[in-house]
Amino acid sequence: MRRDYEVIVVGAGIFGSAMATTFARQGRDVLLIERDFSEPDRIVGELLQPGGVKALEYLGLRDALENIDAVKVAGYQCIYHGESVNIPYTLRDDHPESNGEKARAYEGRSFHHGKFVQSLRKRALAEKNVTKLEATVTKLVADDEHDGVIVGVKTNSGEHYWAPLTVVADGCFSKFRSTYIPKKPVVRSNFVGFVLKDADIPNPNHGHVILDGSSPVLVYQIGTHDTRILVDIKGQLPSNSNGDLKRYMLEDVLPTLPESLKPSFKAAVEEQRPRSMPNSFLPPSVNKTPGLLMFGDAMNMRHPLTGGGMTVALNDVLLLSKLLHKDVVPDFSDTQAVLGQMGTFHWQRKTLASTINVLAQALYSLFAADDERLRILQEGCFRYFQLGGECLNGPVGFLSGVSKKPAMLFLHFFAVAFYSILLQFRKVSALSYPKTAVQSVGVLSKACQVLFPVIGSELQR
């Protein structure tokens, strides 16, 4: 097997597989290294927003969604203490109504994560410029005589492979992140997941957000017969070994679910081993090490509540396909040219990535409300959606990954805050206005505490 390549991609997940394919189609010689090429089994990364589907189309990878039993997603259904509001995806601006034909709405896709990954890998490995290597990368090899430039990798077999550029996309548990990125992930909560069999979903072809307890519950179909349910739990998970987790599911979560979901959820809890996954937040960083680029969850994570991770990853691949194209950077040995493009990449990606990142963190704070001020904002958010029109289309545009207007997200968030305050005044008599006014200051302050730190983290390099 050859030892020298133009680029080494470490990690054949969503980002790595798509990036390897893209590099190869641009004429780059790629070595794709993955610890285990068998089908992965994860409980997240199962819903691709319309912005991600659109990115696949531009990358020429739209067919990766075919023949994996993927389910069309037309929007969301938000259920708040028994009340429900439909949140459909917006109409496509590239398919306007004409000649009597109705405008088409954006669509997402949901699926078993492993099937989609395998489909992307299949397309990468079909490229003649991609070489497959199943191995564990144990070390990134640096040339200490030339400013620590990364010149290749060492694997668990002791073999070395060389390239002027190494792209690391080894996921949320990246072994190399701490060495090259100063920021550390912060775990906000954990998802506990089950697969519901032939579930009676309240609104088919929609993701469901259920707000009727201390934390949100997500429900979405991932196959003809399979529906994923994810229960968000803050703090330490109840023990599964002594039965505490099962009791929590049956006594605390089951009663909050729509009646149609209860039988399949109860059966899943009784029969399946619960799967868990930490929900982390990691602000993006600029790649500064010559010869090394770090992307995907290794570089940037947000709470998976909004299902934006894969959409961000695929749009990052799309942007990199332009910034690192052979016509722009002919030779990856020019490490300064590559790093120069990374500064551009960091800021250009923000129109989409920052919108999704900020939305995910802010919306999770509201949907997992753990104090009175957040609960007021949570109700206000739901009532805001009920207003319809732009109060619905604006937020779902951000959620779906098709709206790239961070400033509008800011405006909608504070529109929710002020509407939440208005609703509190409507609930009380004029005699209680002074007390409500004081309460409103606290609500507005809480809204600022939720939003501004996340925005601040996005503005850092």
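## Basis of the description

In this predicted model, local features need pLDDT of at least 70 and side-chain atom pairs count only at pLDDT 80 or more, while totals for chains, interfaces and linings use all residues. Residues are numbered from 1 along each chain as its sequence is written, and side-chain values use heavy atoms, with hydrogens and water left out.

## Helices α1 and α3

The axes (lines fitted to C-alpha atoms over the stretch in contact, with angles from 0 to 180 degrees between N-to-C directions) of helix α1, residues 14–25, and helix α3, residues 113–125, come within 8 Å and cross at roughly 20°. Helices here are DSSP runs of H or I with at least four residues, and strands are runs of E with at least two, numbered from the N terminus.

Ile14, Ser17 and Thr21 in α1 are in contact (heavy atoms within 4.5 Å) with residues of α3 that include His113, Phe116 and Leu120.

## Cavities

A cavity is a set of points on a 1 Å grid over the protein atoms alone where a 1.4 Å probe fits but cannot get out, and its lining residues have an atom within 4 Å of a point. A volume is the space filled by probe spheres set on the points, which are joined across faces, edges and corners. The count comes to 3 cavities of 30 Å³ or more.

The largest cavity holds about 300 Å³ of space, and of its 23 lining residues the closest to its centre are Leu359, Leu363, Cys381, Phe385 and Pro395. About 40 Å³ lies in the second largest cavity, whose lining includes Gly296, Asp297 and Arg302.

Technical notes: On a 1 Å grid over the protein atoms alone, a cavity is a set of points where a 1.4 Å probe fits but cannot get out, and a pocket is an open set with protein on both sides within 12 Å along at least five of seven lines; lining residues have an atom within 4 Å of a point.
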